[in-house]
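Subject: Structure for you to look at

Hello,

I am passing on a structure for you to look through. Please open it next to these notes and follow along.

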Amino acid sequence: AGPSAFGVSAVYPNPFNPAVTILFGLDRPGPVSIRVLDAYGRETAVLFEGRKSAGEFRIEWNGRDGSGMDAASGLYIIRMTAGDRTSSKKALKIQ
C-alpha cells in the first residue's frame, strides 16, 4: 500500500447532531492539530494537538466548545494543520 493522502477526507454525518466523525490522513509523520472553527473563523474547540505517524485516522467532535458547553447550531470548519499545510471541511450542526 502507498502512503496515505494528506488532509481531512470526510466529515459525517453532515449535518450532524450531537456528534460528528472526522477522517483525516497524514502522508508523513509529524506534528498535527485538528481544530473546530465557527463560521467567523473563531476557534471553538481543539480536538487534537500532537504528533502522529503517517496513516489514516478518525476523531470525533462531540459538538461542544473548549469549555464543555454545547456549541450553537450553525456552520463549522474542521481544520487540520501539519507544518505549513492545512486542509479543511465544513460541518453543519443542527438542533
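A residue counts as buried when its relative accessible area is under 20%, and as exposed when that area is over 50%, with partly exposed in between. Please keep in mind that this is a predicted model.

Start with Arg35, which sits in strand S3. Its relative accessibility is 17%, so Arg35 counts as buried. The side chain of Arg35 makes a polar contact with the side chain of Glu49, at 2.3 Å. Setting aside neighbours within four places in sequence, the residues in contact with Arg35 are Glu43, Ala45, Val46, Glu49, Ile77, Ile78 and Arg79.

Next is the core. The largest nonpolar core has 20 residues, and those with the most contacts inside it are Val11, Ile22, Trp61, Ile78 and Met80. Two or more residues of this core come from each of strand S1 (7-12), strand S2 (20-26), strand S3 (30-38), strand S5 (55-61) and strand S6 (74-82). Beyond its neighbours within four places in sequence, Val11 is in contact with Val20, Thr21, Ile22, Ile78, Lys89, Lys90 and Ala91.

Last, the surface. Leu75, Leu92 and Ile94 make a nonpolar surface patch of about 220 Å². Ile94 lies in the segment after strand S7 (85-93). Because its relative accessibility is 39%, Ile94 counts as partly exposed.

Regards

Note on methods: Residues are numbered from 1 along each chain as its sequence is written. This is a predicted model: local features need pLDDT of at least 70, side-chain atom pairs count only at pLDDT 80 or more; totals for chains, interfaces and linings use all residues. Side-chain values use heavy atoms; hydrogens and water are left out. Patches are made of residues with over 30% relative accessible area and no salt bridge: like charges are joined within 9 Å, nonpolar side chains (Val, Leu, Ile, Met, Phe, Trp, Tyr) within 5 Å. Accessible areas come from the Shrake-Rupley method with a 1.4 Å probe; for residues, only the protein chains shown count as cover. A salt bridge is a side-chain nitrogen of Lys or Arg within 4 Å of a carboxyl oxygen of Asp or Glu. Helices (H or I, at least four residues) and strands (E, at least two) are DSSP runs, numbered from the N terminus. Buried means under 20% relative accessible area, exposed over 50%, partly exposed in between (1.4 Å probe, protein chains only). A nonpolar core is a set of buried Ala, Val, Leu, Ile, Met, Phe, Trp, Tyr and Cys residues joined through side-chain atoms within 4.5 Å. Contact means heavy atoms within 4.5 Å. A polar contact is a pair of N or O atoms within 3.5 Å; within protein, one must be able to donate a hydrogen and the other to accept it, and residues adjacent in sequence count only if both atoms are side-chain atoms.
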